[in-house]
Amino acid sequence: ARVMMRLAILHMAFFQRRILGLVPHFLAGRPRSQSSALVLRSIHDFSNEPASLSKLTVAELKDRCRERGLVVGGLKADLIGRLHELGPVPEVPTDTAKAPGTDGDMPLETKAAAQMNFLALSYEEVQSLLKSWGHPQFRAKQVWGWVQDKRATSFDEMLNVPLKLREQLAEHFTLGNIEVAVEQVSKDGTRKRAYRLEDGQLVESVLMPYDDGRRTACISSQAGCGMGCTFCATGQMGFARHLTSTEIFEQARTFSAELTRKGERLSNVVLMGMGEPLANYDNVIAAAKRIVSELGIGARHVTISTVGLVPKIRRLALEKHQFTLAVSLHEATDEARSAIMPVNRRYPISELMAACEEYTRATGRRITFEWALIRGVNDNPETARRLGALLQPLRGRCHVNIIPLNPTGGYAGQPADPRALKRFVEVLDREFGIGATPRMRRGIDIDAGCGQLTQARKKKDEQARQRAEAAAAEASRERPGALEMAAGGEPSEVTVAGGW
């Protein structure tokens with residue numbers, strides 16, 4: 001009896017280590033608070049199961065595990081050891097504390113059997129997962145190849161993967177968590193999308209095709225933006241939350257997958273969509289690294305923009321990333337810049353330019369300065385000369401991208417005249433030796449400017465809500481007491497008309 005008890009204890013200890021050994025994999029590399037919290041919470045629940053587990057069949061035990069979202073496989077003794085004999089584990093509450101600006105910002109699913117986003121897993125995690133399911137090691141490489149190389153959008157596409165494994169993957173995971181809420185296609189080929197995230201937030205992405213074969217994706221780093229730039233549609237809507245690194249990466253991956261199916265490839269990614277990328281520094285850098293390693297895009301073809309967060313520019317300099325840095329400048333004096341970009345009151349132009357010089361010296365990389373040309377505001381030769389003088393210390397290490405303003409409903413400014421744009425470029429080039437390139441506005445017929453499509457969608461949502469309220473109010477006037485009946489639990493027959 002003592003020998004049998006000793007063997008049972010060793011058996012239980014082995015499987016305790018086997019389960020807990022999964023947790024470090026979820027915590028390694030990119031933040032995995034959602035995944036690891038689910039595993040830990042599941043283990044805690046299983047440790048409190050009643051002692052009657054031995055009466056259940058293997059199928060019933062597996063169902064019990066699946067109900068709680070734990071990936072399992074093996075003999076009955078294995079399952080019982082996982083469900084009942086693991087010992088106490090500290091409970092992880094469903095409202096796990098989250099560190100702002102990390103993947104922990106993603107709320108934990110309230111249902112135990114929630115599907116997780118497969119794109120959030122690393123290769124090592126996939127290996128551990130499939131091994132725990134009892135599949136040979138090479139299956140992980142097959143699945144990873146479908147996801148990373150062939151940009152699969154469904155587990156059903158993995159034709160050389162056994163049906164059982166595909167069903168297991170589809171049961172526990174999704175291949176991406178963003179869904180298209182609305183899409184517009186411009187006559188110039190530009191595709192603009194508003195993606196709906198798991199929590200209902202909307203973010204925008206744009207795919208821009210060029211005649212020379214380039215395919216550039218403009219992606220978002222935040223839902224909304226807290227920088228408050230007066231001419232920007234996203235700045236006018238305010239800040240909602242940071243995007244996780246996976247949500248940022250998935251925007252680029254989605255376009256890459258679609259282009260791959262057409263025999264094309266995504267060549268450039270610019271983080272110039274909704275949000276201030278450097279305010280979400282860790283997730284942006286993590287996503288940019290995945291874009292390079294998993295989508296095969298060179299680091300110098302990944303552009304990270306900023307309104308001028310000086311400490312984060314200095315951090316970029318210290319870490320010496322080879323991504324391209326783009327600084328949204330738009331004015332050459334503190335007074336003028338502070339009027340349209342509130343961030344300048346915190347980090348004035350002198351501090352910003354010092355950080356930019358530090359960056360170019362540390363990385364050897366050229367900086368791009370973005371300039372939205374606004375009619376009658378910053379499009380005259382005098383402003384061009386102030387800009388040229390400001391950038392003189394960086395001559396040869398900077399370039400200016402000039403693009404006419406994309407008008408928005410919350411800002412009265414209008415795009416500059418083409419002749420003013422040409423004159424502005426000539427002043428920078430001839431008088432100061434600063435390279436400048438006029439950029440053609442793309443997708444102007446489809447609200448392709450940052451935040452414009454989301455604004456339009458939210459406006460439509462608000463109009464629908466107002467129509468619904470008006471219809472409900474009208475119905476209550478026609479049928480006094482109808483709303484009170486509904487509040488009291490009785491059926492209500494209020495018809496909402498005019499919705500979409």
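Two strands pair if DSSP finds at least two bridges between them. Helices (H or I, at least four residues) and strands (E, at least two) are DSSP runs, numbered from the N terminus. Keep both in mind.

Now the ground rules. This is a predicted model: local features need pLDDT of at least 70, side-chain atom pairs count only at pLDDT 80 or more, and totals for chains, interfaces and linings use all residues. Residues are numbered from 1 along each chain as its sequence is written, and side-chain values use heavy atoms, without hydrogens and water.

Start with the sheet. It is open, with 10 strands in the order S3-S4-S5-S6-S9-S10-S11-S12-S13-S14, and the pairing is mixed. Which are the edge strands? They are S3 (179-185) and S14 (436-438), and each pairs on one side only. From one strand to the next, the twist averages 20 degrees.

Look at S3. Six bridges join S3 to S4 (residues 191-196), and the two run antiparallel. Val185 stands opposite Arg191 in S4.

Next, a helix on strands. H11 (residues 281-295) lies across S9 (268-271) and S10 (302-306). H11 runs at about 165 degrees to S10. Axes are lines fitted to C-alpha atoms, for helices over the stretch in contact, and angles run from 0 to 180 degrees between N-to-C directions.

On to helix pairs. The axes of H16 (residues 381-391) and H17 (residues 418-432) come within 9 Å and cross at roughly 40 degrees. That makes H16 oblique to H17. Oblique is what remains once angles under 35 degrees count as roughly parallel, over 145 as roughly antiparallel and 65 to 115 as roughly perpendicular. What meets what? Among the H16 residues are Pro381 and Leu387; among their H17 partners are Phe424 and Val427. Contact means heavy atoms within 4.5 Å.

Tyr123, Val126, Gln127 and Leu130 in H6 meet Arg139, Ala140, Lys141, Val143 and Trp144 in H7.

Last, the rings. The structure holds five aromatic pairs. Rings of Phe, Tyr and Trp (its six-membered ring) pair if their centres lie within 6.5 Å; planes under 30 degrees apart count as stacked, over 60 as edge-to-face and the rest as tilted. Why is the pair of Tyr123 and Trp144 tilted? The ring centres are 5.5 Å apart and the planes stand at 55 degrees, so the pair is tilted. Tyr123 is in H6 (residues 123-132) and Trp144 in H7 (residues 138-149), 21 residues apart.
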